[in-house]
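Biologist: I am new to this structure and would be grateful for an introduction. May we proceed by question and answer?

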Amino acid sequence: MSRFAVTHTTTYRYQSTVSSSYGQACLLPRSSPEQSVISAALTVQPQPAHMTTRVDAFGNLVSYIEVREPHQLLEVTATSEVDIVRPQIQFLPAVQESLAEARRKLVELEAVERVEAARFLTASSRVPLDDQVRNYALASIVEDRPVFDFIRNLTERINSDFTFDSSATTVTSTIADLFERGGGVCQDFAHLAVGCLRSAGLPARYVSGYLETFPPAGQPKLIGADVSHAWAAVLIPGAGWVNCDPTNNQFADDRYVTTAWGRDYDDVTPVKGVIYSNGGMTQLSVSVDVHRIVPDQQQPQ
Amino acid sequence: MKSDWTGYSSITFDELVDGDGKPRTGNEAVFQRLADLGPALVERQRAAEAEIRSMGITFTLYTEGSSIDRAWPIDVIPRIITASEWNTISGGLIQRLKALNMFIEDVYNEQNVVNDGILPAQWLEDSANFRTECCGVHPAGGVWAHISGSDLVRDATGQMMVLEDNLRVPSGVSYMLENRQISKRVFADLFRDLDIHPLDNYTEELGKMLSKLSPRDDVEPVIALLTPGIFNSAYYEHGMLATQIGAHLVEGSDLQVVDNIVYMKTVRGLVRVDVIYRRVDDLFLDPAVFRSDSTLGAAGLMAAWRAGNVALANAPGAGVADDKVLYSYVPDFIRYYLNEEPTLPNVPTWRCMEPDHRQHVLANLDSLVCKPANESGGKGVTIGNRATEEELDHLRTEIETDPRNWIAQPILSLSTSPTLCDGIIAPRHIDLRPFVLSSDEPFVSVGGLTRVALREGSLIVNSSQGGGSKDTWIVDESVRPDRLLEHRQPGQQQVQRSGNGQNPS
């Protein structure tokens, strides 16, 4: 088991004074079979006039934030502590069944699970199931080979075919942009993986969260130097949702903290909203710290 | 001078006369009076057009960049429906809307309709108007589509059926009301002598229904009609309805959310709004939730609605069943939710994503109407027997590429109604859009907006594509023409119909 303390701060600096700001944040971690949330809190500066958190259609925690105090700096901070225990995927018998068998077994799921799965089978706003995506997936699809091999092969290919390049794409980039530029970030890789998994007939989610990182050898880990992360999860009947990370070419293990999941990025956008001001530039900075802690040992806050 | 009518005949079911040119049962009195007018009918038409200009009734065509307002085209010859048939139709609409509202409430909450296998989950997820942002919300009374306008057509056999449901922001009701104002002026004599059911109680019922939605029961509710503004094609209607129901006509910039409560900005400061009759599409309602570039809505509106601090009519997400694939399941929804057989049938519909349906459609493109699942106003519709070979090839590719987005229906020979075309009475195809107000006391407009395709042979009645309109008369068939004189003797007290909208049974 791993326990992490996560701090995620999003800061907006405005050139001219903002009179009011209305937005929503999807930053509080959700519980899942692999993750228990020990504590989670969202703070906003300046103090919001109104803030409520609800459970959205996918089970994520979404907070509505209304700030009406004039401000030039808006800071949204999510802090949480979570415990993570993930199974070793390759030892689950269900993933060794063929892709065709995994797909066939989807229809045998309980009605509620089947309905839940259907939501993640179809194209969504950021994940088109077009020829480009289908053709890319095709090279990994072998119907009578274990479904585990398919997922691993797909994850490997995306990792090696595209370079990690944060200058290649933006948050609004499409899968087509990723193909055109040959590079992108975790969001783009995850979208492509989700599209390929869906076009193979398997339900796939886009997952947002964090990954524990390590500093270069011999250097101390810097506070706030981590980043938010995204990957894909695919439903294998009998094995549950299997999390795979094409950006790092691996299956998710105890180092992966889940915030939220949805059909694609648009369902789990960390912070979005509108501001009322006289214009001017907005400067955005994000700081993330994923800190491993030893359970039952009080941490200084 | 009845010669104008002697040559009148329709190739399909005509609303006024039967195959022998005789008035249908219940239409005799109106037919007689229209025929008696002879050439004077044309004068009435001119009078109606003059009224439209002086009243300033306009609508907007987006394709005409320069002049945005056009005079509303009305044909003066009324469309007649007998009171007994209307009873059946309005009962069928109430049944349909009850099931549709139960469906919408269900898909945003328990989703039993999907879990029980009535509707495949994927078709729901693929509906362009299914808004996950609305999941978990329970609007008061389980009503999502408070105001709807379903389009009805009659086929060659005379069967009335539902062509589509409009559960988002249906428009046209003001034209229904204005058409009546005009025909009352130009046919004052017929309104005096015949028993034509009044329809102006619609706005009263609308105001009552909206007031009941107010989350505050200790104060007089403040109702606002949210319009996208003067460039919207239905702006005329927004202004007219706001005036008639005593609502404030507001644009998004007039609203402000403070502490999760919606206010409008007035010269006397902020005034709390209880009910918003919104004529702005879902995706523009709240830039903090939907399109962040929208200036037509108010930031924070969705959170205030979700918290129950303001009522939105129609509720966001109500358009989920406007998807034409989901439309094809409405008869199943009526059976599932109400355990009743539908009174008003659907037009038979093939769903292209089902392989056997698709096969049939692709093999019979030239004899079907193909429609995109999520468009409105007749956009993207291809009528097989009027399309070129190229258009059909293009359609075939589109259906094969994205079958979920296509449905097909038989080419209906819509019923006709006599229409004045350049001074000659000729049959023109029509449809009917009645308006339904859903609440614990549902109400159906007495009649509806009859739209008419003014071009000969055309089946496209949409006013955005050059269609016109007619007043719709619900006429009591018990009044026989030969009884008219004794029925309305001068000085005799006229029977007043109460304005509660209940049809006589």
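Biologist: Which residues of α2(B) are buried?

Modeller: This is a predicted model, in which local features need pLDDT of at least 70, side-chain atom pairs count only at pLDDT 80 or more, and totals for chains, interfaces and linings use all residues. Residues are numbered from 1 along each chain as its sequence is written, chains are lettered from A and ligands numbered from 1 in the order in which they are written, and side-chain values use heavy atoms, leaving out hydrogens and water. Buried means under 20% relative accessible area, exposed over 50% and partly exposed in between, with a 1.4 Å probe and protein chains only. The buried residues of α2(B) are E28(B), A29(B), V30(B), F31(B), R33(B), L34(B), A35(B) and L37(B).

Biologist: How many of the residues of helix α2 of chain B are buried?

Modeller: Helices (H or I, at least four residues) and strands (E, at least two) are DSSP runs, numbered from the N terminus. Helix α2 of chain B spans residues 28–37 and is mostly covered. Of its 10 residues, the number buried is 8.

Biologist: How many disulfides does the structure hold?

Modeller: A disulfide is a pair of cysteine sulfur atoms within 2.5 Å. The sulfur of C26(A) is too far for a bond, because the closest cysteine sulfur, in C135(B), is 14 Å away. C196(A) is in no disulfide either, with the nearest cysteine sulfur, that of C244(A), 10 Å away. Over all chains, the number of disulfides is 0.

Biologist: Is F189(A) buried or exposed?

Modeller: F189(A) lies in helix α6 (residues 186–199) of chain A. Its relative accessible area is 1%, so F189(A) is buried.
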